[in-house]
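Visitor: I would like to learn how to read a two-chain model. Please take me through it feature by feature.

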Amino acid sequence: MKIQVIVNHKKIQMEVAYDEFLVDVLRRYGFNSVKRGCDTGNCGLCTIWIEGKPTLSCSTLAVRVNNKNLTTIEGIGEEAKDFAAFMVAEGAEQCGFCSPGFVMTVLAMKRELKNPTEEDIIHYLTGNLCRCTGYVGQLRAVKTYMGVA
Amino acid sequence: MKIINQSIRKLDGMDVATGKPLYTDDLVNANALVIKILRSPHAFAKIKSINIEKAEKLEGVECILTHKDVPNERFTMAGQSYPEPSPYDRLILDEYVRYVGDEVAIIAAIDEKTAIKAMKMIAVSYEVLEPVLNFEEAIGHTSIVHPEDNLQVNFDIGMKKEKNITATALIESGNVEKELGKSPVIVEETYYTQAQAHAMMETQRAFTYMDSNGRLTIVSSTQIPFHVRRIVARALQVPKSKIRVVKPKIGGGFGGKQTASVEVFPAIVTLKTGKPAKIIYDRKESLNCTTSRHAMRITVKIGADHEGNIQAIDMKGLSDTGAYGEHASTVFSVAGYKTLPLYNSAKAVRFSGNVVYTNKMPAGALRGYGVTQGIFALESAANQLADKLNMDPTELRAKNIIKEGETNPISGTLDSCTLDRCIEKGKQLIGWQEKYPRKIISDTKVRSVGMAITMQGSGIAAIDVANVTIKLNDDGLYSLLIGATEMGMGCDTVLTQMAAEILETTMDKFVVPGVDTDSSPYDTGSYASSTTYVTGNATIKAAEDLKLKLLKKASEMLGISLEKLDFQGDTIKVLNHEEKVVSLSQIAEYVSAGEGKQEQLMGTGTFGGDKSPPPFIAGFAEVEVDKETGKIDLIDYVAVIDCGTVINPKLARIQAEGGLVQGIGMAMYEDVIYNQRGQMMTNTFMQYKIPCRKDINKITVDFESSYEPSGPFGAKSIGEVVINTPPPAIAHAVYNAVGVHVRSLPITPEKVLKGIWKFQ
């Protein structure tokens with residue numbers, strides 16, 4: 001079936017199967033930043049924004065996003081680079097495979113939380129797994145980026 | 001030093017952090033066939049018949065392969081230098097299936113849906129056999145996991161396959177029985193470590209196609225491109241020269257990609273069909289159908305005098321390699337080789353035991369490679385010895401550990417070691433004096449500290465080899481060509497730092513392409529903590545070689561003898577005649593065109609060391625234990641590291657933090673459970689819990705640098721050593737809190753609570 005979506009400010013008509021998950025459709029249409037890390041909604045690698053809200057694209061059926069506004073990291077290049085620079089300064093990107101989903105969650109958090117505590121930040125980001133960094137370097141980067149002491 | 005010991009940002013950092021399409025599955029040809037594997041539902045069975053007739057006829061199915069379609073020559077998927085110590089005990093597909101998840105048939109179709117549909121149409125009839133599920137009952141079991149007669153070993157590893165023994169080990173120095181007999185204080189305990197999963201975020205994957213020269217090209221997320229080429233060549237019985245392996249960006253490896261778990265499947269499909277093919281493992285396959293850490297049982301017996309001088313250490317091990325013997329003998333012997341040298345006060349030491357086959361997922365290489373298992377046992381026993389002697393465990397270490405310049409019977413003399421200083425600094429950072437052994441926080445909560453030490457190696461002595469080429473391009477920039485594989489740890493950056501230091505220039509003058517076996521110089525690969533030390537040493541030689549060639553060329557261009565020239569990176573000047581100068585880009589132009597002066601300026605360097613200098617760590621854990629529930633909160637973890645010169649402090653720190661958290665996962669969360677039928681119950685992230693952000697509080701990393709004379713700029717490794725201390729240090733802290741020894745990993749609240757109840 002066909003769905004109509006706006007991905008990164010561009011209207012696209014997508015051909016999708018009734019049982020296809022959004023992560024697979026996005027990758028099929030060339031949005032390769034969106035990664036799949038598990039099949040159980042645990043890892044957060046596939047996080048994109050649907051109407052500005054961070055959402056697991058592996059747990060969202062593609063047909064459910066008909067007429068919706070989607071954002072992947074490709075669509076917010078400059079903002080992503082701003083934060084990524086803080087991660088890279090800490091060396092906290094390491095293999096980078098979890099970065100696209102992580103960056104999308106961090107940028108959503110920046111919009112959503114005003115003056116968060118360290119605890120708020122950890123809570124918000126806890127659905128994004130990383131096996132390389134041990135999280136503390138990422139936390140240093142996020143705190144500097146968010147201006148949290 | 002201008003560039004060494006600087007926290008330079010990772011060269012590929014911004015690209016990977018912002019989601020550029022650089023990984024294997026981002027590069028696949030859209031028309032590639034999709035491969036799915038039909039897997040065994042039985043732990044041990046012989047295939048009586050497979051009917052693929054219906055499945056083959058399904059529209060969109062390209063080919064279905066069974067054990068009748070593959071070469072009958074056994075191979076190993078272990079990525080090791082030839083001749084591999086791992087047995088050749090696999091076929092691409094076998095008539096025997098040896099664990100739940102073992103491969104039965106390869107299905108290649110136009111898309112995933114069709115492949116899965118076809119898979120369900122294959123009818124297999126099995127003769128179900130009695131599986132060997134408990135590794136402690138493997139030796140002499142009525143079932144033989146490998147009954148076939150064409151299993152091969154390259155040299156004697158002590159295999160007795162009719163008894164399910166894959167390999168045996170014996171490392172011995174001195175008379176252990178005699179020294180133990182004379183020791184008035186003895187500790188003897190048995191420890192169990194679990195089959196930890198790598199859980200790298202990018203699962204195992206590869207795609208294949210035929211190139212324009214009729215050669216099979218494999219693009220793979222691998223740590224071992226050159227080994228993959230040799231492994232696939234043997235498995236498929238085609239010449240190595242007909243295969244090319246390309247490594248793009250990798251989403252983490254941790255040893256899981258030091259085993260060629262997936263490459264043979266798309267490779268055989270492409271060879272048979274001539275068409276591109278891809279295989280992407282889902283998380284379940286990654287956790288259930290690749291490799292894991294070897295689960296082990298290790299009994300440690302330590303003898304000491306009343307003053308705490310260790311006299312003898314005896315370690316008896318049993319290792320579970322599962323259905324196949326990837327890395328079986330080497331991981332096992334490393335559990336002794338790279339733990340026993342820590343206590344060179346002992347007059348006699350021994351490590352012995354067996355590796356056994358069982359009907360479970362095969363084990364393989366995982367960060368730590370046996371040391372993690374050995375250290376949990378040895379350090380837990382050392383802590384218990386200190387307790388028995390009423391001695392501060394840090395004092396026991398101070399009395400017995402190896403120090404710089406000292407010798408041990410297992411691995412010789414240590415040229416660099418600051419372990420004693422690591423312990424002292426760690427004590428300060430954790431607040432040992434105030435916190436040891438415990439503080440009562442409330443009626444139900446106790447806080448306590450624990451500690452452990454470890455070592456590892458830097459590459460494999462006399463086996464690992466790295467070649468590096470640095471090429472001056474016609475634009476005056478350098479290409480740094482390496483065969484070591486960047487997988488997120490930053491080796492491309494660290495090696496460029498070394499080259500830039502020697503060539504007295506800046507990081508932006510270098511490009512480091514990915515690995516391609518057709519064009520990259522040979523390197524055994526990124527494993528065994530080898531890139532900084534082994535490939536680093538080769539990089540220095542290559543840079544020095546090129547530097548000399550640049551000087552010679554400048555001498556020719558300026559008509560001035562070599563010794564009067566001053567190499568200044570971007571330019572070469574004449575001493576005392578600053579106006580006489582030639583720039584790097586001028587040299588590049590000069591050799592690129594005209595007057596018969598053309599020359600490709602390249603420096604090459606090769607390194608294969610005769611030793612593997614160990615890095616060291618002292619690790620300290622502070623925990624809070626709830627006596628009512630057994631719950632453990634890790635308050636702080638301190639690691640003080642001697643990795644020699646720190647080439648890049650921030651990248652080293654991140655490596656350490658990440659490895660510590662992986663070790664914390666092994667210590668506290670990551671449980672592997674099989675049911676009675678041999679099915680792995682922990683094959684998703686729902687059941688197999690790796691640490692998440694909320695599990696980690698404070699991590700404190702510091703360095704006490706020694707200077708390793710054989711290392712590049714004095715450096716040793718850091719990649720693996722970081723994972724080893726958390727299991728024993730956390731177990732020690734839990735004991736200090738509530739008096740419960742947990743000797744079987746992971747240290748769960750259930751085990752702690754059961755221990756507490758025993759007292760009541």
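This is a predicted model: local features need pLDDT of at least 70, side-chain atom pairs count only at pLDDT 80 or more; totals for chains, interfaces and linings use all residues.

Visitor: What is the radius of gyration of chain A, and what is that of chain B?

Guide: The radius is taken over C-alpha atoms, and the globule rule is 2.2 Å times the number of residues to the power 0.38. Chain A has a radius of gyration of 15 Å, close to the 15 Å that the rule gives for 149 residues, so chain A is as compact as a globular protein of that length. For the 760 residues of chain B, a compact globule would have a radius near 27 Å, and the value for chain B, 27 Å, agrees. Along the principal axes, the C-alpha trace of chain A spans about 50 × 25 × 20 Å, while the C-alpha atoms of chain B fill a box of roughly 90 × 75 × 50 Å.

Visitor: What share of the residues in each chain is buried?

Guide: Buried means under 20% relative accessible area, exposed over 50%, and partly exposed in between (1.4 Å probe, protein chains only). Buried residues are 58% of the 149 in chain A and 66% of the 760 in chain B.

Visitor: What share of the contacts joins residues 24 or more positions apart?

Guide: Contact means heavy atoms within 4.5 Å. Among contacts with a separation of 6 or more, residues 24 or more positions apart account for 56% in chain A and 79% in chain B.

Visitor: At what angle do H3(A) and H5(A) cross?

Guide: Axes are lines fitted to C-alpha atoms, for helices over the stretch in contact, and angles run from 0 to 180 degrees between N-to-C directions. The axes of H3 (residues 99-112) and H5 (residues 136-146) of chain A come within 11 Å and cross at roughly 35°. On the H3(A) side the contact includes A:Phe102 and A:Val106, and on the H5(A) side A:Val142 and A:Tyr145.

Visitor: Which residues of H9(B) and H17(B) meet?

Guide: The axes of H9 (residues 371-388) and H17 (residues 726-738) of chain B come within 8 Å, crossing at roughly 30°. Among the residues that meet are B:Phe376 and B:Glu379 in H9(B), and B:Pro728 and B:His732 in H17(B).

Visitor: Is B:Met487 buried or exposed?

Guide: B:Met487 is buried, at 14% relative accessible area. The residue sits in the loop between strand E21 (478-482) and helix H13 (491-502) of chain B. Beyond its neighbours within four places in sequence, B:Met487 is in contact with A:Cys95, B:Gln223, B:Ile250, B:Gly252, B:Gly253, B:Phe254 and B:Ser526.

How values were computed
Residues are numbered from 1 along each chain as its sequence is written. Chains are lettered from A and ligands numbered from 1 in the order in which they are written. Side-chain values use heavy atoms; hydrogens and water are left out. Helices (H or I, at least four residues) and strands (E, at least two) are DSSP runs, numbered from the N terminus.
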